[in-house]
Amino acid sequence: MANDAALKTSLLWLAAVILVVGICTHSFKKMMATYVLGVVGIAAILLPDWDYFNRDFSRWAYPVTSEEREASLLTQPSGFLRFANSPLRVIAYGVVYGYTMYKWWEYVSG
């Protein structure tokens, strides 16, 4: 991952959320569920090699060449702007994360 600051910030916010859940619910199980859900969610967004997956599907069986990596760095913006060229991915992530957050909220608040 090129930008470790985003990962560090996300993990810091996750720790704060876990602390709040623990204080409000007094439940170690709910804290651990929040931890697991948060780490998996952060990993799913920040850790994949998007340059690899943003290529044509037929090229997924082959490693990324240095020319492809340089071309992707020049053409794609960094951060969350890289999702702008793939609305289907944004919709899929929104649906999956929305449902997961809903179920987590039911579990923690119940």
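Predicted model: local features only at pLDDT ≥ 70, side-chain atom pairs only at ≥ 80, totals over all residues.
1. Tyr-107 sits in helix H5. Its C-alpha atom is separated from that of Lys-30 by 7.6 Å. Along the chain, Tyr-107 and Lys-30 are 77 residues apart.

2. The end of the chain. Gly-110 follows H5, in the segment after that helix. Gly-110 is exposed, because its relative accessible area of 76% is over the 50% cut-off. Thr-25 falls within the range of helix H1, 4-25.

3. His-26 and its backbone. His-26 belongs to the loop between H1 and H2. Its phi is positive, about 55 degrees, although His-26 is not a glycine. Most residues other than glycine have a negative phi. That makes this residue one to look at in the backbone. Is His-26 buried or exposed? His-26 is exposed, because its relative accessible area is 71% and the cut-off is over 50%.

4. The salt bridge. How many salt bridges does the count give? The count comes to one. Lys-103 forms a salt bridge with Glu-106. The closest N and O atoms of Lys-103 and Glu-106 are 3.4 Å apart, so the pair meets the limit of within 4 Å. Side chains of opposite charge can pair when their charged atoms come close. Both Lys-103 and Glu-106 lie in helix H5. They are three residues apart, about one turn of the helix.

5. Exposure of the pair. Lys-103 has 39% relative accessibility, so it counts as partly exposed. Glu-106 has 36% and also counts as partly exposed. Both values fall between the 20% and 50% cut-offs.

6. The nonpolar surface patch. Which residues form a nonpolar patch on the surface? They are Phe-28, Met-32, Tyr-35, Val-36 and Val-40. Together these residues have about 500 Å² of accessible area. Val-40 lies in helix H2, residues 28-46. Val-40 counts as exposed, because its relative accessibility of 53% is over the 50% cut-off.

7. The second largest pocket. About 340 Å³ of space lies in this pocket. It is lined by 15 residues. Leu-14, Leu-37, Gly-38, Gly-41 and Met-101 are the closest of them to the pocket centre. The elements that give two or more residues to the lining are helix H1 (4-25), H2 and helix H5 (87-109).

8. Make-up of that lining. Which element gives the largest share of the lining of the second largest pocket? H2 does, with six residues. By class, the lining has ten nonpolar residues and five polar ones. No charged residues take part in the lining.

9. The chain overall. The chain has five helices and zero strands. From the N terminus on, its elements run α-α-α-α-α. Buried residues make up 19% of the 110 residues in the chain.

Methods:
Residues numbered from 1 in each chain as written. Heavy atoms only, no water. Patch = residues over 30% accessible without salt bridge, like charges linked within 9 Å, V, L, I, M, F, W, Y side chains within 5 Å. Areas by Shrake-Rupley, 256 points an atom, 1.4 Å probe, with all protein chains shown as cover. Salt bridge = Lys/Arg side-chain N within 4 Å of Asp/Glu carboxyl O. Helix = DSSP H or I, 4+ residues; strand = E, 2+ residues; numbered from the N terminus. Buried < 20%, exposed > 50% of the residue type's maximum accessible area, 1.4 Å probe, protein only. 1 Å grid on protein atoms, 1.4 Å probe; cavity = no way out; pocket = protein on both sides within 12 Å on 5 of 7 lines; lining within 4 Å. Points joined across faces, edges and corners; volume = space filled by probe spheres on them. Nonpolar A, V, L, I, M, F, W, Y, C, P; charged D, E, K, R; others polar.
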